[in-house]
Amino acid sequence: MTTAIIIIAVVAVAAIAAFFLLRARPAGGRGLRGRFGPEYDRVVARHGGDTSAAERELGDRVKRHGRLDERPLTEEARVRYAARWASAQELFVESPERALTEADALLADLSRERGFPDGEDFEDRTDALSVHHAAHVDGYRRVHAARRGGASTEEMREALIEARGLLDGLLAGGPSGREHDRHLVKGRGTS
């Protein structure tokens, strides 16, 4: 019986030590991969497979933009942005390039209104967005790149569709977005 108590005590101490060691590790590797998802892979590829360099960059992004508080939108602003997006989608049939230009400007305006970095630095804005909307920021990058030319109509269409995820994320967040969040969950979000 004494041996069993000693074994249980040793196992308990080892489990507690392992728990604290894992908590003390820096938020790299799996933590950053989980937080950034496909953005993690994009940054690793941009660094030629150097995960340490990629994790330093992503860690820097979190330090710079992690405490950013997204400002809530009024319901009027939410409706206005949804209507602008619908207009951009309709414009796509007539002029895909103009539709992408409008979508790019709309996402810049919306992110700025939500509290993301302002100005002409697209990379700084997308870096900040990647910290809070990592799953959808690539759609914004694709719209931004495709509107500059050289993309096929199909590539432009796919970029616009992918960017919709960021639009929905930016429209949904914040206290005044709770009702909008419920509509998205129920599948009744704006088109």
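Predicted model: local features only at pLDDT ≥ 70, side-chain atom pairs only at ≥ 80, totals over all residues.
## How a packed pair is described

Two packed helices are described by the angle between their axes and by the distance between those axes.

## Helices α6 and α9

Helix α6, residues 96-114, and helix α9, residues 153-172, have axes that come within 10 Å and cross at roughly 20 degrees. Because angles under 35 degrees count as roughly parallel, α6 is roughly parallel to α9. The crossing in which α6 passes α9 is left-handed.

On the α6 side the residues that meet α9 include Leu100, Ala103, Leu106, Leu107 and Leu110, while those on the α9 side include Met156, Leu160, Ala163, Leu166 and Leu167. By class, the contact of α6 with α9 has 13 nonpolar, three polar and two charged residues.

## Helices α5 and α9

Helix α5, residues 75-94, also packs with α9, and here the axes come within 12 Å and cross at roughly 175 degrees. An angle over 145 degrees counts as roughly antiparallel, which means that α5 is roughly antiparallel to α9.

Among the residues in this contact are Tyr81, Trp85 and Phe92 of α5, together with Arg157, Leu160 and Arg164 of α9. The contact of α5 with α9 comprises ten nonpolar, two polar and three charged residues.

## Helices α4 and α7

Helix α4, residues 51-65, and helix α7, residues 122-132, pack at an angle of about 90 degrees, with their axes 9 Å apart, and they are therefore roughly perpendicular to each other. From α4 the contact is made by Arg61, Val62, Arg64 and His65, and from α7 the residues taking part include Asp124, Asp127 and Val131. The residues of the contact of α4 with α7 divide into three nonpolar, three polar and four charged.

Note on methods
Residues numbered from 1 in each chain as written. Heavy atoms only, no water. Axes fitted to C-alpha atoms, helices over the stretch in contact; angles between N-to-C directions. Helix = DSSP H or I, 4+ residues; strand = E, 2+ residues; numbered from the N terminus. Parallel < 35°, antiparallel > 145°, perpendicular 65-115°, else oblique. Contact = heavy atoms within 4.5 Å. Nonpolar A, V, L, I, M, F, W, Y, C, P; charged D, E, K, R; others polar. Left-handed = near helix turned anticlockwise from the far one by under 90°.
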